[in-house]
Amino acid sequence: NGLRLDGANDADVKVSYEFFPPKTEKAEADLWAAVQRLEMLQPSYVSVTYGAGGSTQERTLATVSRMVRETSLTPAAHLTCVGATCAAVDSLADQLWEAGIRSIVALRGDPPSGFGGKYEPHPQGYPYAPELIAGLKKRHDFEIFCSAYPERHPESADWQVELDILRRKADAGASKAITQFFFEADVFFEYRDRVANAGIDIDIVPGVMLQPNIAGLSRMAGAVGVQVPNWYRRMFEGLEEDLLTRQMLTASVATDLCAELYDGGVRDFHLYTLNRADIAIAVSRALGESHARIRHRD
Ligand code: FAD
């Protein structure tokens with residue numbers, strides 16, 4: 001009957017998985033193998049990212065459409081407004097709706113020059129995420145998720161700017177904000193408090209990174225303004241040639257992080273799977289039992 005996350009006595013833990021569209025046949029086969037294994041855990045939804053450039057964008061539509069056709073999963077498509085006219089975004093939104101997609105992760109996106117380049121709104125486009133969200137909501141009755149940055153977006157001058165943008169995304173119709181990845185539960189809790197204290201009405205869902213490639217992770221974290229703690233780096237030192245150990249460590253640390261988040265009241269988790277199933281399954285199974293552990297403790 002599959003590996004259910006929600007035990008018979010407690011159905012309160014929700015997990016979602018994020019994938020990226022594959023670029024090669026081999027990557028496509030790996031993705032579908034992972035999707036099939038993760039489908040058994042009955043996630044609340046799965047999401048597929050959206051890249052810069054036409055062919056990558058078509059792959060997002062193709063991937064979520066295939067998920068609707070061939071699986072029991074509920075896919076959400078990521079969508080960005082960078083470099084696109086409103087007409088192009090609306091047309092893609094129509095295609096997603098027709099394919100049966102009812103949830104969108106709506107984002108501004110990064111400038112084509114890559115991280116560090118200056119973002120310029122398209123003259124005929126939705127300028128920023130709040131306008132994109134409002135436009136999508138107007139077009140179809142999508143459920144909209146947006147991004148959140150517990151360590152601030154690198155372009156935000158201060159917390160006021162950061163929270164103001166989140167408020168505008170919530171006001172435009174986003175019901176849930178998925179966070180950038182982070183490594184310490186307190187980073188999440190402090191951010192959640194800031195959002196609550198600012199009176200912003202939106203669910204904040206932690207995004208938990210499952211990347212066992214520490215060099216790649218460090219590069220990505222540096223580019224998006226995420227702190228990788230020294231203890232985390234030290235844990236992986238000297239394991240460059242030892243993928244299995246890095247995978248086990250990644251699962252173990254992510255499980256600890258999820259347990260701390262659970263203890264702090266979090267019940268909805270978004271896992272960045274990087275299109276691999278093993279670590280995501282290990283973390284999900286452990287997470288699904290957290291409620292049982294906590295009940296035992298009481
Ligand atoms: P927002 O949170 O709307 O804004 C980002 C920054 O823009 C703000 O902090 C502010 O400094 C500035 N800003 C916003 N509004 C204004 C304004 N009106 N005037 C001036 N400045 C303003 N990228 C992809 O390309 N594809 C994906 O699939 C994708 N998925 C993601 C999923 C998650 C959960 C997260 C956290 C990020 C994802 N990203 C993705 C990355 C995202 O596109 C980048 O972080 C991008 O730089 C910001 O997009 P956003 O929607 O988060 O922007």
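Colleague: In this predicted model, how many residues surround the ligand, and which are the closest?

Modeller: The ligand is surrounded by 22 residues, and the closest are Thr 49, His 78, Ala 129, Ser 147 and His 153.

Colleague: Which elements supply at least two residues of that shell?

Modeller: They are strand 3 (75-80), strand 4 (103-107), helix 5 (159-172) and strand 6 (174-181). Helix 5 gives the most, with three residues. By kind, the shell holds eight nonpolar, ten polar and four charged residues.

Colleague: Where should I look for the nonpolar residues away from the ligand topic?

Modeller: In soluble globular proteins, nonpolar side chains tend to be buried together. Here the largest nonpolar core has 80 residues, and Ile 104, Ala 106 and Val 208 touch the most other members. Leaving out residues up to four places away in sequence, Ala 106 touches Leu 79, Ala 129, Leu 132, Ile 133, Leu 136, Ile 144, Cys 146 and Ala 174.

Colleague: Which residues of helix 9 are buried?

Modeller: An α-helix has 3.6 residues a turn, so residues three or four places apart point the same way. In helix 9 the buried residues are Thr 250, Ala 251, Ala 254, Leu 257, Cys 258 and Leu 261. Seen down the axis of helix 9, they fall within an arc of 135 degrees, so they line one face of the helix.

Colleague: What do the buried residues of helix 9 pack against?

Modeller: They pack against helix 6 (185-197), strand 7 (203-209), strand 8 (268-272) and helix 10 (278-288).

Colleague: What span should helix 9 have?

Modeller: At 1.5 Å a residue, its 21 residues (243-263) should span 30 Å, and the end C-alpha atoms are 30 Å apart, which agrees. Helix 9 is followed by Gly 265, with a positive phi near 100 degrees.

Key: Residues numbered from 1 in each chain as written. Predicted model: local features only at pLDDT ≥ 70, side-chain atom pairs only at ≥ 80, totals over all residues. Helix = DSSP H or I, 4+ residues; strand = E, 2+ residues; numbered from the N terminus. Expected span 1.5 Å × (residues − 1). Buried ≥ 20, exposed ≤ 12 C-beta atoms within 10 Å, placed from the backbone. Arc of directions from axis to C-beta. Contact = placed C-beta atoms within 7 Å. Near = placed C-beta within 6 Å. Nonpolar A, V, L, I, M, F, W, Y, C, P; charged D, E, K, R; others polar. Core = buried A, V, L, I, M, F, W, Y, C linked by C-beta atoms within 7 Å.
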